[in-house]
Amino acid sequence: MNLAAANNQSLADFSTVLIYSAMAVYVLAFLGHIAEWTFGSRSKVARTASALSPRRRSVVAPEVRAKATAGAAGAEQGGGTAVLDRPKVVTRSAGARPDVPDGPGAAAGDAQGDLYGTIALALTVLAFLVHAAGVLTRALSVQRVPWANMYEFSTTFSMVAVASYLGFVVAKKNVRWIGLPLVTTVLLDLGLATTVLYAESDQLPPALDSYWLVIHVSLAIFCGALLYLGTVGTVLYLFRDRYEVKLEEGRQPGAFATSVLERLPSAASLDKFAYRINAAVFPFWTFTIVAGAIWAESAWGRYWGWDPKEVWSFITWAAYACYLHARATAGWKGRKAAYLALAAFSCYLFNYYGVNFLFSGQHSYAGVD
Amino acid sequence: MSDIDTSRADETATGTAVGDAARHADRGIAGDADERAAAAQLSTTPSEDAPAAAGIGVLGWLRWFWRQLTSMRVALLLLLLLALAAVPGSVIPQNGVDQLQVDLFKEDNPGLSAVYEKLQLFDVFSSVWFSAIYLLLFVSLIGCIVPRSWQFVGQLRARPPRAPHRLDRMPAYATWRTDAEPEDVLATAHRTLRSARFRIAEGDGAVSAEKGYLREAGNLLFHLSLIVMLVAFAVGQLWSVEGGKLIVKGDGFSNTLTQYDDISAGGLYDFEDLDDFGFTLDEFHSTFEPSGPQKGTPREFRADVTYWDGADGAERQESIEVNHPLEIGDSKVFLIGHGYAPVVTLTDGQGDLAYRGPVPFLPQDINGTATGVIKIPDYRDGEGEPEQLGFVGRFTPTYGLNAELGPHSTFPALNYPVLALSAYHGDLGVDAGLPQNVYKLDQRKMEPFTGADGDILRKSLRPGESWELPDGAGTLTFERVERWASFNIAQKPASGWALAGSLAAIAGLAGSLFIQRRRVWVRARRDDAGHTVVELAGLGRSESARLPEELDRFVATLTAEAAPLEDGPDADADPPADRTDPSPDGGSAVGADPRRRS
């Protein structure tokens, strides 16, 4: 149990080296994504414009829509000859702009861009493996789960976010568009973790020494990482939605916006992506709070005491509940609901950074002086 | 309150249930009455009534108010308000959460504090305005959930509705022609849907099926559970009692009102109901990080106690640790703090023993630098005059000295204990009968012992050392150091209900978010050419990729028994003709929202 044991310390140092290495590989992945987006800008597809411009819509839209819906519905199973005979399920979307196809992705069909995109993805996988090894060795060095201070929480957080992204990729979901923003923010997160938030590896203070730590904190990390992916979707939705509205009204968006936003999925797809994640995570976030309450009841003698951390997790919960309800309320759905989702995730972030640094409470385990 | 994804249908004045249907209705395509009928009763989402007309009288206004309150939009605003109202509760220190911070804040900002006091900002979560918001929210919730529960019970008894006339208007649709008999196709459809555990009704050459009632059940369960949680929380507050007790090693405690250092109870708690038990602190263990950057961080706390419970009084041994409270009856005993109590002896000016015992000092930092006060109320000075003595002290378990901090403790364990004191004599003010803080010396009627240069006398003592006060005023001996531990003893009813409510809420949430309520219709009829036209349509509560996928599986099953004819134009994957027809206004794709176009 003596932490001064040399092997533990060297393991902890090794973990830090691994995290730095992961950051280096993430930087390469970042550059790969930049190259992907740059080369992709050579391609001029502009199918959103053709689907939405008032002049051409009547001519182009039906074909595009039929294709888009058949693909999006997932009803086109396999596409091999064996199922060609089977009647297809035709869907009729109810969205505001159901006939907008998803963008072609960052590379936009450009061969070189696509190559860089694949390289970036491969590098992300590599960086993730190094990153995960870093987190694992940290856990081994302290012989417990690595979530007892902000450094450990942050490194695990971005690891789970990347893992979720890669999981979506493996499941063949259309998520490649998230690559660049994700890698960028993972770098930011790790940078903050290794500089500002760094804390030496150490054992747990008695209050944290409970199996509820594993349940409560791992859930908080898992929820946060997924909600973060949803938030990226929401932010891009807001941009893309504005772009589509402009096109629809016959105005001309800026050249940069056209180039970048054209390649993203349609606003409807982004919105659906964000909603599904947020809705799926919400019960888990609820359970995170409940698990925390059960732990608090055994550690502090009350399951709910309006400690700042508790207040903000409640606010986060209420904000996401607002978002879920707003999405179904006239006058709130669409952009306003999206702003609510952003506010809700800001609450999550504030609960992490803000509450740890600004307020003193019973959750003061930041490990930062 | 509402469903999670599509809910109180503010979005439409048509009074139909499904959000999708409402949006379809907006498109102004003829025949949508079909879909509205098809979607009817697919949830218990209430309709939004038209605003009240003028001159409807008091009852009308009440009804209007009630409808507003139970509407989704108002509930949403209340929920937002609740989230916002909680913010000051984290920014401003709260009574009952961190009393020390509240007192410090009031000292530093007397003017602002008065305003805050008026606005109940030190008690946000029990304030009138915060309570008003959540009570309104819960009234809104109840006003919505009760009628919906009844409606849901009705739906459970009902059969799936007849197939709509135009199945191709449904959100998911497939059709083909076959040579199989319509009756056989329908029988297969019946069988398939039955084995997929749909609820089925048959008639008019079509099969209607519905599934996913658990979604609504989950939704209702979630909102009902919230009410259970709120009630449990309220009961827990009103009938709870919680008190603190500091116990020096070897001392005991019995659970009666007078034994507590401080105690607070909910408004309806009767102190007669305190559980009948007591315990003695036998031993206190602590270990600390010995080195490294987190040197001094606690690693383990353990209080070994002997306790007795109730009338039988049998004594039992138990250890209380930070995450492991002692549970006796409905009460829980939590270990919340620890510290040192220097044991001192004071012989007065006449050589008589004036005081002997441990004096708990309160730790001020992570390394255990502690402050405390020794009060000697019964004492005679060198001339035999009765007087009172007071000592203000600092205790350092591991003494250290530097320019920045002065004398302080460098480690929380007893490595080099030093007790530093300054002495006062006069009137302690304890005789007035008013309760006094035992950790503070009221110096208004006390005078310090001073040296020849007029400075206040100070003395640092190691265990075993004595301090002879000037003018033969007596001798204080620092004998040794004892441990103390502080406990929080709490009795909180209904926490089991709160737990059950929260778990039910999560189960309900999972049901309402992960289960889809949907309807599937299969129609088979003979066309003019003598072939059988099979039509399949699906309608969901919310738009999801899973419905078309599910429909596709049914298509696969049905085509196995009713093979599609290759030549028929209807067997093609193209949407039916009217789906891509230019609409009257100049020809956009079907599905474009007219609102967007204007």
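Predicted model: local features only at pLDDT ≥ 70, side-chain atom pairs only at ≥ 80, totals over all residues.
Me: Which sheet do E8 and E9 of chain B belong to?
Reply: An open one of 4 strands in chain B, ordered E5-E7-E8-E9 and paired antiparallel.

Me: And why do strand E5 (252-254) and strand E9 (315-321) of chain B stand at the edges?
Reply: Each has a single partner strand, so one side of E5(B) and one side of E9(B) have no neighbour in the sheet. From one strand to the next, the twist averages 30 degrees.

Me: Now the loops. What makes Arg197(B) exposed?
Reply: Its count is 9 C-beta neighbours inside 10 Å. The cut-off for exposed is 12 or fewer, so Arg197(B) gets that label. You'll find Arg197(B) in the loop between helix H8 (182-195) and strand E2 (199-203) of chain B. Its phi is positive, about 60 degrees, though it isn't a glycine.

Me: Why is Asp471(B) called exposed?
Reply: Asp471(B) has 11 C-beta neighbours inside 10 Å, and with exposed meaning 12 or fewer, it therefore counts as exposed. Asp471(B) isn't a glycine either, but has a positive phi of about 60 degrees. It lies in the loop between strand E21 (466-469) and strand E22 (474-491) of chain B.

Me: Where does UniProt place the feature "transmembrane region" in chain A?
Reply: The unreviewed UniProt entry gives several stretches, including residues 115-133 and 311-330 of chain A. In the model, residues 115-133 of chain A are 100% helix and 0% strand, with end C-alpha atoms 27 Å apart. Residues 311-330 of chain A come out at 80% helix and 0% strand, and the end C-alpha atoms there are 29 Å apart.

Me: Which residues have the most contacts inside the largest nonpolar core?
Reply: Ala161(A), Ala319(A), Cys322(A) and Tyr323(A), in a core of 185 residues. Helix H9 (residues 267-300) of chain A supplies the largest share, 19 residues. Another core lies apart from that one, with 34 residues, among them Met170(B) and Leu547(B).

Me: What does Ala319(A) touch, leaving out residues up to four places away in sequence?
Reply: Leu340(A), Ala343(A), Ala344(A), Cys347(A) and Ala83(B). A contact needs C-beta atoms within 7 Å, so each of those residues meets that limit with Ala319(A).

Note on methods
Residues numbered from 1 in each chain as written. Chains lettered and ligands numbered in written order. Pairing = 2+ DSSP bridges. Helix = DSSP H or I, 4+ residues; strand = E, 2+ residues; numbered from the N terminus. Axes fitted to C-alpha atoms, helices over the stretch in contact; angles between N-to-C directions. Buried ≥ 20, exposed ≤ 12 C-beta atoms within 10 Å, placed from the backbone. UniProt positions renumbered as here; feature names shortened; annotations may be inferred. Core = buried A, V, L, I, M, F, W, Y, C linked by C-beta atoms within 7 Å. Contact = placed C-beta atoms within 7 Å.
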